[in-house]
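Here is a briefing on the structure shown below. Topics follow in groups.

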Amino acid sequence: MSADPDRGKVVDLPVRGPADEEIVRGLRAGDPRASSALFDRYGPMINRLVWRLLGMDSEHDDVVHQVFVSIFSSLHRIDNAAALRSWIGGLTINTVRKELRNRKYRRRLSPVGVVEGRSEGDEELARSFYRAVEAMGPDERIAFVLRYVEGRSLAEVAASVDCSLATAKRRIARAKEIFVEQARSDAALSSAIEDMKDEG
Amino acid sequence: MKDEILLAIGERVAGSVGTGPDEERMAAQKRAVEALSTRRPRWGMWAGVAAAAAVILLVLSVVLVGRERPMEFWVGSGLVPGAVGQWVEGEATLRFADGGRVELEEQTLVRVSEASTQGVLLALDHGKVGLSVPEGGKAVWSVAAGQYVVTVTGTQFTVSWDGRSLEVEVERGEVLVQGPGGEGTVLEQGGYLHLGARPEVQEPVEAPVVEEIEAPVDEAVGQDGDHERPRAPKPAGAPVPEWKQLAGEGKFEEAVEAAQAEGFEKLLESLGPSDLWELADASRYAKEGQKALLAYAAYRKRFPDTKRASTAAFLMGRVEMETMGRPDRAAGWFETYLEENPHGPLAEEALGRLIKAHIKAGNDAEAGKAAQSYLSSYPEGIFKELAGSVLAR
């Protein structure tokens with residue numbers, strides 16, 4: 001490849017805008033205030049995603065920590081600070097996906113509990129729900145939880161996991177088949193489904 | 001089951017489990033994150049196979065710790081000192097203190113985001129850069145282009161990015177190309193990779209000779225005219241199958257899922273040679289080892305007299321070794337390639353990988369034989385250190 005070494009020139013690009021940009025800039029400069037701001041702004045979102053995808057798992061804090069490790073190590077990939085939220089969301093989902101894949105050979109139940117004030121029936125349902133999703137592959141589980149627990153639309157699910165709409169539909173359809181199959185032998189799930197049918 | 005029922009159950013579960021751990025745990029997480037960010041950054045983490053300068057591994061998370069020092073670099077023949085963070089445009093050469101060199105083609109815009117004794121990170125906004133990275137150096141060099149990252153030690157390669165598609169070509173050594181999901185493809189000496197907007201995905205493995213592209217065949221007649229039942233030609237303007245479109249976009253896992261939904265085994269029996277090869281490659285890139293093996297095996301069975309049939313044997317060896325973790329079977333496939341194509345473009349690499357497979361499988365005697373054979377045929381080859389170390393035991 002030829003190059004004329006005399007023609008290189010240094011140029012300035014316009015600085016991009018808003019508050020997320022300041023966080024990114026601060027993180028790249030190693031400013032500790034930036035990491036606090038990052039956690040304050042996105043920690044709850046990351047925790048919520050991991051919490052609901054894994055089901056109040058005992059390794060929840062480790063997985064959340066791994067997400068932040070990935071954020072710090074991938075800062076160079078952020079070329080649009082305005083998309084920071086969706087980028088972090090995608091990175092979180094990928095981290096959970098890798099964690100689920102690594103668990104493939106050591107399948108176990110998540111120790112699901114519930115927030116204070118909920119009934120025993122709610123606790124049983126939540127436990128049964130996560131027992132059912134354990135039977136799904138990582139991609140199906142993530143799509144299913146995003147769709148039905150997080151309440152995201154099909155298009156939002158596809159965007160969240162960076163796949164086509166058709167792929168998202170396929171994964172959810174497979175997940176539903178597995179869920180229905182699991183529900184047949186689970187009293188709490190069967191009962192909840194019947195209750196919903198009656199109400200409908 | 002109706003969506004409304006599942007949504008209602010999901011809502012109840014969401015209310016029950018809440019949105020995260022309690023405040024005390026959140027506070028502990030925050031302290032850990034703050035501690036994480038104040039550690040000094042380090043590039044890494046590399047695990048390399050020692051024998052050849054060309055073998056590298058990349059770990060996804062690159063955290064910089066330790067006592068790295070800034071690395072100086074200069075722009076142009078006037079040796080104008082460069083500064084981290086500034087953009088450089090046009091035809092230009094960047095020279096680094098460790099001997100590394102980056103050449104920018106016309107209408108290229110690149111920024112040196114990081115430059116230290118631990119590593120160099122370039123952000124390629126658009127255009128084409130050629131890198132020459134010193135062998136034996138400790139610095140890890142990376143080029144970030146869009147959602148891709150190309151990382152290397154000790155090699156020579158070019159990266160081109162136009163905002164939609166990535167092209168990487170390796171002249172010497174090996175590079176690792178990672179996509180947005182973190183999945184990677186190792187591209188070896190002589191290899192070429194294209195990802196992104198164009199539908200074709202080039203085979204990156206053949207080295208050092210570029211693989212001869214088989215002439216397009218009329219799929220109604222079949223490969224070489226004598227192995228397949230005639231099939232009705234596709235009508236003009238037939239829609240591209242979803243799996244093929246996804247593969248062309250570099251979304252290999254989704255491509256395999258789509259192929260599975262269409263009937264993977266059915267596709268193995270019905271696809272023409274180019275499409276079958278593309279499906280096999282997509283399965284390999286998606287790390288779907290079993291499917292890749294089935295697809296390459298189907299190719300060998302259905303198109304046995306083609307050049308790619310023996311290439312398929314080589315790639316099955318790689319899948320067995322790298323994805324399935326079965327070095328004994330890998331050795332078998334490398335031997336098959338060498339029997340079928342003893343002077344083929346992949347012969348040297350097959351023999352080198354055969355040595356590795358035997359070592360991994362604990363077959364010391366076989367490793368020794370392969371090492372002797374390698375050194376007699378390729379005394380200055382890239383696996384010479386490995387072969388020498390086997391014979392020295």
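In which helix of chain B is the place of B:Arg302? B:Arg302 sits in helix H6 of chain B. The model is predicted. Its two chains share an interface with 71 residues of chain A in contact with 64 residues of chain B.

**B:Arg302 and its surroundings**

- B:Arg302 counts as buried because its relative accessible area is 10%, and the cut-off for buried is under 20%.
- The side chain of B:Arg302 reaches the backbone oxygen of B:Leu271 at 2.8 Å.
- A polar atom of that side chain also lies 3.5 Å from the backbone oxygen of B:Glu269.

**Chain B as a whole**

- Chain B holds 11 helices and 14 strands.
- Chain B has 393 residues, of which 51% count as buried.
- Among contacts in chain B with a separation of 6 or more, 47% join residues 24 or more positions apart.

**The interface between chain A and chain B**

- The size of an interface is often given as the accessible area lost when the parts come together.
- Here the area buried between chain A and chain B is about 6200 Å².
- Carbon and sulfur atoms give 58% of that area.
- The count of salt bridges between chain A and chain B is 10.
- In one salt bridge, the side chains of B:Lys30 and A:Asp40 meet at 2.8 Å, N to O.
- There are 18 residue pairs in polar contact between chain A and chain B, with both residues at pLDDT 80 or more.
- On chain A, the elements that give two or more residues to the side touching chain B include strand E1 (9-11), helix H2 (32-54), helix H3 (60-73) and helix H4 (84-102).
- Helix H5 (120-134), helix H6 (138-148), helix H8 (165-184) and helix H9 (187-199) of chain A are also among them.
- H2(A) gives the largest share of this side, 11 residues.
- The residues of chain A on this side divide into 32 nonpolar, 16 polar and 23 charged.

- Most residues other than glycine have a negative phi.
- A:Asp162 is not a glycine, yet has a positive phi of about 55 degrees.
- A:Asp162 is found in the loop between helix H7 (154-161) and H8 of chain A.
- B:Lys287 is not a glycine either, and has a positive phi of about 60 degrees.
- B:Lys287 is found in the loop between helix H5 (273-285) and helix H6 (289-302) of chain B.
- At 49% relative accessibility, B:Lys287 counts as partly exposed.

**Confidence in chain A**

- Chain A averages a pLDDT of 82, and 84% of the residues score at least 70.
- Where in chain A is confidence lowest, and where highest? The lowest mean, 49, belongs to E1(A), and the highest, 96, to H6(A).
- Residues 1-7 of chain A stay under 50 in pLDDT. The model has 20 contacts for them beyond four places in sequence.
- Residues 11-18 of chain A also have a pLDDT below 50. This stretch has 8 contacts in the model beyond near neighbours in sequence.
- Where pLDDT is low, the predicted coordinates should not be read in detail.

Conventions
Residues numbered from 1 in each chain as written. Chains lettered and ligands numbered in written order. Heavy atoms only, no water. Contact = heavy atoms within 4.5 Å. Buried area = accessible area lost by both parts, 1.4 Å probe. Salt bridge = Lys/Arg side-chain N within 4 Å of Asp/Glu carboxyl O. Polar contact = N/O pair within 3.5 Å; in protein donor to acceptor, adjacent residues only side chain to side chain. Helix = DSSP H or I, 4+ residues; strand = E, 2+ residues; numbered from the N terminus. Nonpolar A, V, L, I, M, F, W, Y, C, P; charged D, E, K, R; others polar. Buried < 20%, exposed > 50% of the residue type's maximum accessible area, 1.4 Å probe, protein only. pLDDT = per-residue confidence, 0-100.
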